[in-house]
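Dear colleague,

Please find the structure below, handed over for your use. My notes on what was found in it follow directly after.

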Amino acid sequence: MLRTAQQKCLDVYQTLLANSLKSIPDPTMVIAADTVVVTTSGRILEKPRSEAEHLAMLRMLRDQVSHRVYTAVCVLVPRDDARAPGYNMETSVEETKVVFDETASDEFISAYVKTREAVGMAGGYGIQGMGGLLVERIEGAYDNVVGLPLRATVALMEKTLFMQGSDDEDDDEEE
């Protein structure tokens with residue numbers, strides 16, 4: 001998951017550099033994220049690939065009651081100097097515990113799947129939409145379950161932006 005977020009970030013950065021035109025400036029910052037859901041039994045749930053898998057995924061989450069959502073965030077900022085590799089990159093992985101509503105019926109889950117709201121979402125539900133009705137409570141950051149933990153992302157943005165001169169300062173401190 002962390003490697004996926006890093007690779008997404010690098011791919012976007014390299015594509016932007018390769019397609020750079022005079023009218024489109026080089027990127028000033030690239031942010032990427034990847035989210036997975038991990039069941040109490042340790043199974044990693046990504047996006048459902050079929051309606052049957054989607055139904056089974058949500059029933060399993062309900063039956064196991066709780067699960068964890070992990071989001072890896074990667075922030076890349078090009079360096080102002082020519083120091084390799086040419087950018088600063090920072091990453092973070094955030095975790096949130098989600099408790100599903102044990103009373104959610106198979107019929108309700110089936111009706112939710114038919115809305116297709118969460119076809120492209122890890123774990124097969126969107127807490128920010130109707131999928132929130134499947135959730136009893138969370139322990140941790142709500143925006144992490146949505147897919148982008150904002151506080152962690154802002155902290156990474158600040159860190160990468162303010163790292164520009166940090167290597168030189170570290171050298172001065174060692175002398």
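In these notes, two residues are in contact when heavy atoms of theirs lie within 4.5 Å. The model is a predicted one, in which local features need pLDDT of at least 70 and side-chain atom pairs count only at pLDDT 80 or more, while totals for chains, interfaces and linings use all residues. Residues are numbered from 1 along each chain as its sequence is written, and side-chain values use heavy atoms, with hydrogens and water left out.

I begin with Val98. Not counting residues up to four places away in sequence, Val98 touches Val65, Ser66, His67, Val69, Tyr125, Val135, Arg137, Ile138 and Val145. Val98 is also among the residues with the most contacts inside the largest nonpolar core, together with Leu58, Leu61, Phe100, Tyr125 and Leu134. A nonpolar core is a set of buried Ala, Val, Leu, Ile, Met, Phe, Trp, Tyr and Cys residues joined through side-chain atoms within 4.5 Å. Buried means under 20% relative accessible area, exposed over 50%, and partly exposed in between (1.4 Å probe, protein chains only). The largest core has 21 residues. At least two of its residues come from each of α2 (51-64), β4 (87-100) and α3 (106-115); α2 gives the most, with five residues. Helices (H or I, at least four residues) and strands (E, at least two) are DSSP runs, numbered from the N terminus. Apart from this core lies another, of ten residues, among them Leu10, Tyr13, Cys74 and Leu76.

The aromatic rings come next. Rings of Phe, Tyr and Trp (its six-membered ring) pair if their centres lie within 6.5 Å; planes under 30 degrees apart count as stacked, over 60 as edge-to-face and the rest as tilted. By this rule there are two aromatic pairs. Tyr13 and Tyr87 are edge-to-face, at 5.6 Å centre to centre with 70° between the planes. Tyr13 belongs to helix α1 (residues 2-18) and Tyr87 to strand β4, so this pair ties together parts that are 74 residues apart in sequence. Tyr13 has a relative accessible area of 9% and is therefore buried. Phe100 and Tyr125 form an edge-to-face pair as well, with 5.0 Å centre to centre and 75° between the planes. Phe100 is in strand β4 and Tyr125 in the loop between α3 and β5, 25 residues apart. Phe100 is buried at 1%, and Tyr125 is buried at 4%.

Arg137 lies in strand β5 (residues 135-139). Because its relative accessibility is 40%, Arg137 counts as partly exposed. Arg137 and Val98 are 39 residues apart in sequence, yet 6.2 Å apart in space, C-alpha to C-alpha. Leaving aside neighbours within four places in sequence, Arg137 is in contact with Lys97, Val98 and Val99.

What does Asp34 contact, leaving aside its neighbours within four places in sequence? Its partners are Met1, Thr4, Ala5, Lys8, Tyr70, Thr71 and Ala72. Asp34 is in strand β1 (residues 30-39) and, at 16% relative accessibility, counts as buried.

Finally, I turn to a helix. In α5, Ala152, Thr153, Leu156 and Thr160 are buried. They cover an arc of only 100° around the axis (taken from the directions from the helix axis to the C-beta atoms), which puts them on the same side of α5. The buried residues of α5 pack against β1, β3 (66-78) and β4.

Yours sincerely
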